[in-house]
Amino acid sequence: MSEKEQQPAQITLDGTTYSLPVIVGTENEKAIDITKLRDQTGYITLDSGYKNTGATTSAVTFLDGEEGILRYRGYPIEQLAEKSTFTEVSYLLVYGKLPTKTELDKFNSDISRHTLVHEDMKRFYEAYPSKAHPMGVVASVVCSLSTFYPENNKTKRTSAEIDLTVHRVLAKFPTIAAWAYKNSIGHPIMYPKNSHNYVENFLYMMFANPSEEYEIDPVVANALDKLLILHADHEQNCSASTVRMVGSSKANLYASIAAGTIALWGPLHGGANQEVIEMLDMIHEDGGNVDKWVEKAKDKNDSFRLMGFGHRVYKNFDPRAKIIKQACDQLLNKLGVHDDILEIAKKLEEVALRDPYFVERKLYPNVDFYSGIIYRAMGIPTEMFTVMFALGRLPGWIAQWKEMIANGEPIGRPRQIYVGEGLRDYVNIGDRV
Ligand code: CMC
């Protein structure tokens with residue numbers, strides 16, 4: 001990481017001018033360091049939604065929303081999606097370098113040694129109602145890992161202890177996720193089969209059952225591996241910031257990942273992929289009139305938004321969406337899938353891309369628009385889409401958590417501007433009007 005210092009910024013408040021350091025990142029991104037602003041001036045900055053607030057310096061992921069650039073540890077997402085594998089990318093994110101062959105073999109074998117979850121955890125699944133959303137189940141079970149490995153609650157951990165937790169969480173997450181699905185359809189769970197690689201194992205636990213052979217389709221496994229790579233990190237987004245925030249109180253990694261999973265669940269973040277398919281289904285059931293729904297999305301008196309369009313940071317195109325769109329077309333061709341919903345998706349994309357409302361606001365299809373479509377073609381049920389996103393994002397959350405610990409970052413604790421009532425005296429209940 002290179003952090004260059006340059007001429008300080010100046011701010012004048014109540015007639016006094018203060019100097020504030022300017023930080024310049026590797027890619028020339030600039031920030032005014034306001035860490036001492038309140039001590040110096042009594043002022044804080046106000047930035048709802050943290051749209052202009054850098055919460056940390058980070059060496060994990062570089063993203064340029066205007067140029068549509070995404071790099072993990074300096075490597076372009078396009079190259080990683082084409083040439084790498086998900087576990088290799090996980091290693092890259094977590095340890096900061098591409099592994100050698102020996103390192104990757106060891107990493108894969110360390111992960112596959114921990115794929116089983118404690119048998120007692122199976123009982124949790126029995127207690128969840130079958131209609132429980134899998135994100136709620138997954139987050140709870142991941143958090144429960146901390147009760148099975150209480151040593152993880154120590155605030156001073158050796159790097160070997162951290163590595164063990166990292167291997168455990170990476171290994172168990174697919175098992176936990178696939179079991180949540182099996183539970184939701186009332187089928188017996190499938191134990192992991194460690195002769196499979198990471199992605200194959202997940203597909204096996206999702207789709208195999210004890211009464212028939214299940215053959216993993218390499219086309220599906222490859223597409224899923226690519227999807228997971230594309231989701232693996234996205235710098236200081238809502239869930240990564242949550243992981244860092246929770247971890248900053250020295251909560252353990254399992255609890256921090258569980259919190260990140262919950263943050264991802266919301267429809268404005270990872271939950272959008274589920275909402276995309278539900279929206280397409282709704283448009284289909286309504287007769288497939290795409291123009292009508294585009295008009296609704298533009299109407300400020302209507303709360304309807306086109307799910308899968310727009311992004312907080314990508315304002316030209318989402319580089320992940322570009323790769324995924326291609327993968328989506330390839331997969332659908334190879335699998336020979338024809339689906340009315342996909343036709344509606346294509347029409348929607350066409351209409352929205354030329355409508356001035358979307359063009360002016362730079363609202364392009366995002367990664368979730370296409371990932372929902374691919375998951376559907378793979379036979380992954382809609383409610384599991386956000387779980388798939390979480391599975392992909394896991395190494396990113398781990399990398400963000402590790403970096404926050406390594407940086408010795410202080411507990412996250414924003415301030416506020418209070419706009420409520422001024423001081424007033426308590427009124428006895430009988431005297432209130
Ligand atoms: N449909 C219709 N109008 C939209 C949409 C949309 N999907 N997204 C933004 N707008 C309009 C919005 O009404 C506003 O219009 P105006 O300037 O006239 O008031 C303008 O575009 C700017 O929107 P914003 O809400 O201020 O933008 P934001 O940066 O706060 O929100 C977003 C980004 C992703 C939350 C938003 O675009 C959205 O709700 N999209 C749909 C949900 C979605 O697909 N989320 C997944 C994001 S990708 C996965 C991830 O990385 O988490």
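Modeller: In this predicted model, a polar side-chain atom of arginine 305 lies 2.7 Å from an oxygen atom of the ligand. Lysine 300 also places a polar side-chain atom by a ligand oxygen, at 2.9 Å. For arginine 312, an N or O atom of the side chain is 2.9 Å from an oxygen atom of the ligand. On its own the ligand has 950 Å² of accessible area, and the protein covers 78% of it. The shell around the ligand consists of 8 nonpolar, 5 polar and 8 charged residues. Among the 21 residues around the ligand, those that come nearest are His269, Lys300, Arg305, Leu306 and Gly308.

The side chain of aspartate 318 makes a polar contact with the side chain of arginine 320, at 3.0 Å. Setting aside neighbours within four places in sequence, aspartate 318 is in contact with His311, Pro365, Asn366 and Val367.

Not counting residues up to four places away in sequence, serine 371 touches Leu227, His231, Asn273 and Ile324. Isoleucine 373 is likewise buried, its relative accessible area being 4%. With neighbours within four places in sequence left aside, isoleucine 373 is in contact with Ile277, Cys328, Leu332, Leu342 and Ala345. Its C-alpha atom is 21 Å from that of leucine 394, a residue 21 places away along the chain.

Of the 10 residues of H8, 8 are buried, so the helix is largely enclosed by the rest of the structure. The buried residues are Tyr198, Val199, Asn201, Phe202, Leu203, Tyr204, Met205 and Met206. Their cover includes helix H3 (86-95), helix H4 (101-112), helix H7 (159-185), helix H9 (218-231) and helix H18 (385-406). At the start of H8, a side-chain oxygen of asparagine 197 comes within 3.1 Å of the backbone nitrogen of valine 199. Helix H7 also contains threonine 165, which counts as buried at 5% relative accessibility. Apart from neighbours within four places in sequence, threonine 165 is in contact with Asn152, Leu253 and Tyr254.

Most residues other than glycine have a negative phi. Asparagine 28 is not a glycine, yet has a positive phi of about 70°. The place of asparagine 28 is in the loop between strand S2 (16-24) and strand S3 (30-32), and at 46% relative accessibility asparagine 28 counts as partly exposed. Glutamate 235, also not a glycine, has a positive phi of about 40°. Glutamate 235 lies in the loop between H9 and helix H10 (238-248), and is partly exposed, with a relative accessible area of 25%.

There remains the matter of the cysteines. A search of the whole structure finds 0 disulfides. For cysteine 143, the closest cysteine sulfur is that of cysteine 238, and because the separation is 17 Å, it is too far for a bond. Cysteine 238 is accordingly in no disulfide, its nearest cysteine sulfur being that of cysteine 143. Cysteine 143 counts as partly exposed, at 32% relative accessibility, and cysteine 238 is partly exposed with a relative accessible area of 46%.

Methods:
Residues are numbered from 1 along each chain as its sequence is written. This is a predicted model: local features need pLDDT of at least 70, side-chain atom pairs count only at pLDDT 80 or more; totals for chains, interfaces and linings use all residues. Side-chain values use heavy atoms; hydrogens and water are left out. A disulfide is a pair of cysteine sulfur atoms within 2.5 Å. Buried means under 20% relative accessible area, exposed over 50%, partly exposed in between (1.4 Å probe, protein chains only). A residue is near a molecule or strand if one of its heavy atoms lies within 4 Å of it. A polar contact is a pair of N or O atoms within 3.5 Å; within protein, one must be able to donate a hydrogen and the other to accept it, and residues adjacent in sequence count only if both atoms are side-chain atoms. Accessible areas come from the Shrake-Rupley method with a 1.4 Å probe; for residues, only the protein chains shown count as cover. Ala, Val, Leu, Ile, Met, Phe, Trp, Tyr, Cys and Pro count as nonpolar, Asp, Glu, Lys and Arg as charged, and the others, Gly among them, as polar. Contact means heavy atoms within 4.5 Å. Helices (H or I, at least four residues) and strands (E, at least two) are DSSP runs, numbered from the N terminus.
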